[in-house]
Amino acid sequence: MMLLLVALILRPVGFKYRSKYENTPWRNTWDGVVTFTGVVAPVVFGVAFGNVILGVPFAVELDTLRPLYHGSFWALFSPFALLCGVLSLLMLVTHGAAILAWRVVNPVAERARKLGVFSALLVAIVFALGGVWVANLDGHVITSVMDTAGPSNPLNKAVVLEQGAWLANFERWGWMWAAPVLGVVAALAVSLCLLMRRPVLAFFASALSIAGIILTVGFALFPFILPSSANPNIGLTAWDASSSHLTLWVMLIATVIFLPIVLSYTSYVYYIMRGKVSEKSLGETPNSY
């Protein structure tokens, strides 16, 4: 997480400082920083998601419920977790390629289009491969009766491991299959749209693919939020890791007030930055990086 934090801090710094000095080595250095941080962040997020699916080796103290991590740093980079990191990177590469093909002019747009055609196909392939892998992993199954209205306590349940259990929700609620299907089909649609030179459609198809992939993970894990590989019985679920009713109510009110504000200024920013980026538009904008 420290690596992720450093990447997220350096990325805006790189955008800001690359144009502070008119010098090619200076700009190339900061371009390298921006590229490095752009790769690190999605890979770390993907590896984190992969470890959540595998189960994180943590336990809790019985008297204080203080979490205790029993794993090592290098154990986080298992083959499956690295596959998830690659998938995460490919998703954002495809999304970035689609918006570049849409919002910039040639020759950058053409290079982005060709890259997006290839990366979108890889998204579909790697996601499907990950699904086959998950079908053979040990999933967590709650065998005790859950009191969904009771106090938040991860010790109040019994959990067993079963091979392929992460697909049980899809068998119980068939409509959940829409998420993985959307993840694959939309990724293939991105590649097709870019081949047909329809970058706007490709961008929205990419957004749907990302949504489908993330929803697939959420549907598979439910009700677990953070399974424990050290002691499956204390894995955190949506019920025993939730805040109090008062806290949830306060957050709901805050969301109702501030979400429209965030959506409003975000929409305004997108409106101001509408149109394609070209040498002419860069020359007319003194704040360009």
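User: What kind of model is it, and what are the ground rules?
Analyst: It is a predicted model, where local features need pLDDT of at least 70 and side-chain atom pairs count only at pLDDT 80 or more, while totals for chains, interfaces and linings use all residues. Residues are numbered from 1 along each chain as its sequence is written, and side-chain values use heavy atoms, with hydrogens and water left out.

User: How many helices and strands does the chain have?
Analyst: The chain has nine helices and six strands. These are DSSP runs numbered from the N terminus, with helices being H or I of at least four residues and strands being E of at least two.

User: What does the C-alpha trace span, and what share of residues is buried?
Analyst: The C-alpha trace spans about 65 × 40 × 35 Å along its principal axes. Of the 289 residues, 34% count as buried. Buried is under 20% relative accessible area, exposed is over 50%, and partly exposed is in between, with a 1.4 Å probe and protein chains only.

User: How do H3 and H4 cross?
Analyst: The axes of H3 (residues 79-103) and H4 (residues 108-135) come within 8 Å and cross at roughly 150°. That makes H3 roughly antiparallel to H4. Angles under 35 degrees count as roughly parallel, over 145 as roughly antiparallel, 65 to 115 as roughly perpendicular and the rest as oblique. Axes are lines fitted to C-alpha atoms, for helices over the stretch in contact, and angles run from 0 to 180 degrees between N-to-C directions.

User: Which classes of residue make up the contact of H3 with H4?
Analyst: The contact has 21 nonpolar, four polar and one charged residues. Ala, Val, Leu, Ile, Met, Phe, Trp, Tyr, Cys and Pro count as nonpolar, Asp, Glu, Lys and Arg as charged, and the others, Gly among them, as polar.

User: And at what angle do H3 and H7 pack?
Analyst: H3 and H7 pack at about 160°, with axes 8 Å apart. They are therefore roughly antiparallel to each other.

User: What about the second largest pocket?
Analyst: About 640 Å³ of space lies in that pocket. It is lined by 31 residues, with Ile53, Leu87, Phe127, Ile213 and Val217 nearest its centre. The lining has 26 nonpolar, five polar and no charged residues.

User: Which peptide bonds are cis?
Analyst: Asn106 to Pro107 is one, with omega near 10°, and Pro107 lies in the loop between H3 and H4. Phe222 to Pro223 is also cis, with omega near 5°.

User: Is Cys193 buried or exposed?
Analyst: Cys193 counts as buried, at 13% relative accessibility, and is found in H6.

Terms used: 1 Å grid on protein atoms, 1.4 Å probe; cavity = no way out; pocket = protein on both sides within 12 Å on 5 of 7 lines; lining within 4 Å. Points joined across faces, edges and corners; volume = space filled by probe spheres on them.
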